[in-house]
Amino acid sequence: MTILKYGAPSLREISQPVEKFDEDLEKLAADMFETMYAAPGIGLAAPQVGVNIRLIVIDIRDGDESAGRKLILCNPRITASEGTQEGDEGCLSVPDFMEHVKRPMKVAIEAQNIKGEPFELTGEGMLARAICHEIDHLDGVMFVDRVSPLKRALMRGKIRKLTKAGKW
Ligand code: NI
């Protein structure tokens with residue numbers, strides 16, 4: 001699948017809840033994992049491949065498909081968060097940019113699996129960061145929106161230049 005880049009309208013939409021837990025959804029999740037591993041990345045949200053539904057795939061073992069834990073989150077919702085972490089963050093839709101983003105150290109979520117069965121999950125550290133980042137995508141929010149205004153202006157300027165040069 002093609003990963004949409006910053007500037008694509010799909011990335012700014014509020015995505016719709018997943019309602020049909022069928023074979024098409026399973027296929028989409030599988031394709032998203034494949035796309036994410038190939039990138040390589042640790043998380044991908046459906047709007048990033050142009051499908052505006054509340055579906056996320058995460059595997060925080062960067063690119064190593066054999067070692068990781070595949071997480072599929074349908075209709076995820078953060079129910080609690082704790083602490084803060086500081087660190088650099090990137091996004092497959094904003095390639096070649098890493099910026100400082102503050103996130104909770106720990107989050108608890110409710111979600112549904114690929115069959116539509118509800119479950120709860122707690123994530124810490126990198127997993128908490130990935131969950132927050134990907135849930136943002138479902139609401140049309142990108143990490144670019146969460147960096148300092150100065151950094152954001154610099155990033156936008158660079159992206160504009162890359163776009164003009166046909167390199168974006
Ligand atoms: Ni992203």
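**Exercise 1. Surface and overall form**

Determine how much accessible surface the protein chain has, and what share of that surface belongs to carbon and sulfur atoms.

*Solution.* The accessible surface of the protein chain in this predicted model comes to about 8900 Å². Carbon and sulfur atoms account for 51% of that surface. Turning to the interior, buried residues form 44% of the 168 residues in the chain. The C-alpha trace spans about 45 × 35 × 30 Å along its principal axes. A compact globule with 168 residues would have a radius of gyration near 15 Å, and the protein chain has 15 Å, so the two agree.

**Exercise 2. Order of the elements**

State how many helices and strands the protein chain has, and give their order from the N terminus on.

*Solution.* The chain has three helices and seven strands. Read from the N terminus, the order is α-β-β-β-β-β-β-β-α-α. Contacts may then be sorted by separation in sequence: among those between residues at least 6 apart, 63% join residues at least 24 apart.

**Exercise 3. The surroundings of His 137**

Decide whether His 137 is buried or exposed, and list its contacts beyond its neighbours within four places in sequence.

*Solution.* Step 1: His 137 belongs to helix 2, which covers residues 126-138. Step 2: the relative accessible area of His 137 is 1%; because buried means under 20%, His 137 is buried. Step 3: the same cut-off applies to Cys 91, which is buried at 9% relative accessibility. Step 4: with neighbours within four places left aside, His 137 is in contact with Leu 11, Glu 13, Ala 45, Pro 47, Gln 48, Cys 91 and Met 142. Step 5: the side chain of His 137 also makes a polar contact with the side chain of His 133, at 3.2 Å.

**Exercise 4. Salt bridges**

Give the number of salt bridges in the whole structure, and describe the pairs Glu 26 with Lys 115, Arg 129 with Glu 89 and Arg 103 with Asp 136.

*Solution.* Step 1: the whole structure holds ten salt bridges. Step 2: in one of them, the side chains of Glu 26 and Lys 115 meet at 3.2 Å, N to O. Glu 26 lies in helix 1 (residues 23-38) and Lys 115 in the loop between strand 6 (106-112) and strand 7 (118-124), so this pair ties together parts that are 89 residues apart in sequence. Glu 26 is partly exposed at 34% relative accessibility, while Lys 115 is exposed at 54%.

Step 1: Arg 129 forms a salt bridge with Glu 89, with the closest N and O atoms 2.6 Å apart. The pair links helix 2, which holds Arg 129, to strand 4, which holds Glu 89, across 40 residues. Both Arg 129 and Glu 89 are buried.

Step 2: Arg 103 forms a salt bridge with Asp 136, the closest N and O atoms being 3.0 Å apart. Arg 103 is in strand 5 and Asp 136 in helix 2, 33 residues apart. Arg 103 and Asp 136 are both buried.

Step 3: a network of salt bridges links Glu 89, Arg 103, Arg 129, Asp 136 and Arg 146.

Technical notes. Residues are numbered from 1 along each chain as its sequence is written. This is a predicted model: local features need pLDDT of at least 70, side-chain atom pairs count only at pLDDT 80 or more; totals for chains, interfaces and linings use all residues. Side-chain values use heavy atoms; hydrogens and water are left out. Helices (H or I, at least four residues) and strands (E, at least two) are DSSP runs, numbered from the N terminus. Buried means under 20% relative accessible area, exposed over 50%, partly exposed in between (1.4 Å probe, protein chains only). A polar contact is a pair of N or O atoms within 3.5 Å; within protein, one must be able to donate a hydrogen and the other to accept it, and residues adjacent in sequence count only if both atoms are side-chain atoms. Contact means heavy atoms within 4.5 Å. A salt bridge is a side-chain nitrogen of Lys or Arg within 4 Å of a carboxyl oxygen of Asp or Glu. The radius of gyration is taken over C-alpha atoms; the globule rule is 2.2 Å times the number of residues to the power 0.38. Accessible areas come from the Shrake-Rupley method with a 1.4 Å probe; for residues, only the protein chains shown count as cover.
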